[in-house]
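Dear colleague,

Please find below the structure that I am handing over to you, together with its sequence.

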Amino acid sequence: MQYVKKMNGNEFNEYLLDKEKRFAETLAEHTFEVTEPAAVRAKKQLQEYLPNGFHTELHEFYNIVNENERYGYVWLKIDETKKSAFLYEIYIFDECRSKGIGTKVMEEIEEYLSLKKILYFKLHVFGTNRKAIKLYNTLGFQIAGINMYKTL
């Protein structure tokens, strides 16, 4: 793979700190219940998803790089027995967006999953993330469900 390189444990720890912060911001913007603060929820949810951190079974973590420059991160869960993969995150740094990197990374991931004989590649995207939705539509993803809300 050209852009996607496996993380090591130290890189994962750095990634997780960044992910917690960004996930808290996302939860604050996109969850519509009154509960504990978003930062607390983000930390708890990440601990549930990754009970063994970097060594959590089926989860794989990658840096998005070109030469020695990091452009972002990828977090996948691959379940070969179910022939299914879930993209928890593709995150490209703001200054690196709109340069075709996301498309190239997704194509690399799909090629990797095909080699592993994965049949289904799933992900979640928030309805407000129009650029990501456009990318996923271009890559042939289909809508599996839609969550809706209304503020009262």
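**Pockets and sheet**

The largest pocket holds about 1,300 Å³ of space. Please bear in mind that this is a predicted model.

A total of 39 residues line the largest pocket, and Ile90, Tyr91, Asn129, Ala132 and Tyr136 are the ones nearest its centre. Two or more lining residues come from each of helix 1 (9-30), helix 2 (38-49), strand 4, helix 3 and helix 4 (130-138). Helix 1 contributes the most, with eight residues. Sorted by class, the lining of the largest pocket comprises 19 nonpolar, 11 polar and nine charged residues.

The second largest pocket has a volume of about 910 Å³. Its lining has 24 residues, of which His124, Val125, Gly127, Gly145 and Ile146 are closest to the centre. Strand 5 and helix 4 are the elements that give two or more residues to this lining. By class, the lining of the second largest pocket has 14 nonpolar, nine polar and one charged residues.

Five strands make up an open sheet with mixed pairing, in the order 1-2-3-4-5. At its edges are strand 1 (4-6) and strand 5 (120-123), each of which pairs on one side only. On average, neighbouring strands of this sheet are turned by 35° against each other, direction ignored. Strand 2 (residues 59-66) and strand 3 (residues 69-79) run antiparallel and are joined by eight bridges. Tyr62 has Val74 in strand 3 as its bridge partner.

Helix 3 (residues 101-115) lies across strands 1, 2, 3, 4 and 5, and runs at about 155° to strand 4 (84-92).

Yours sincerely

Methods
Residues numbered from 1 in each chain as written. Predicted model: local features only at pLDDT ≥ 70, side-chain atom pairs only at ≥ 80, totals over all residues. Heavy atoms only, no water. Pairing = 2+ DSSP bridges. Helix = DSSP H or I, 4+ residues; strand = E, 2+ residues; numbered from the N terminus. Axes fitted to C-alpha atoms, helices over the stretch in contact; angles between N-to-C directions. Contact = heavy atoms within 4.5 Å. 1 Å grid on protein atoms, 1.4 Å probe; cavity = no way out; pocket = protein on both sides within 12 Å on 5 of 7 lines; lining within 4 Å. Points joined across faces, edges and corners; volume = space filled by probe spheres on them. Nonpolar A, V, L, I, M, F, W, Y, C, P; charged D, E, K, R; others polar.
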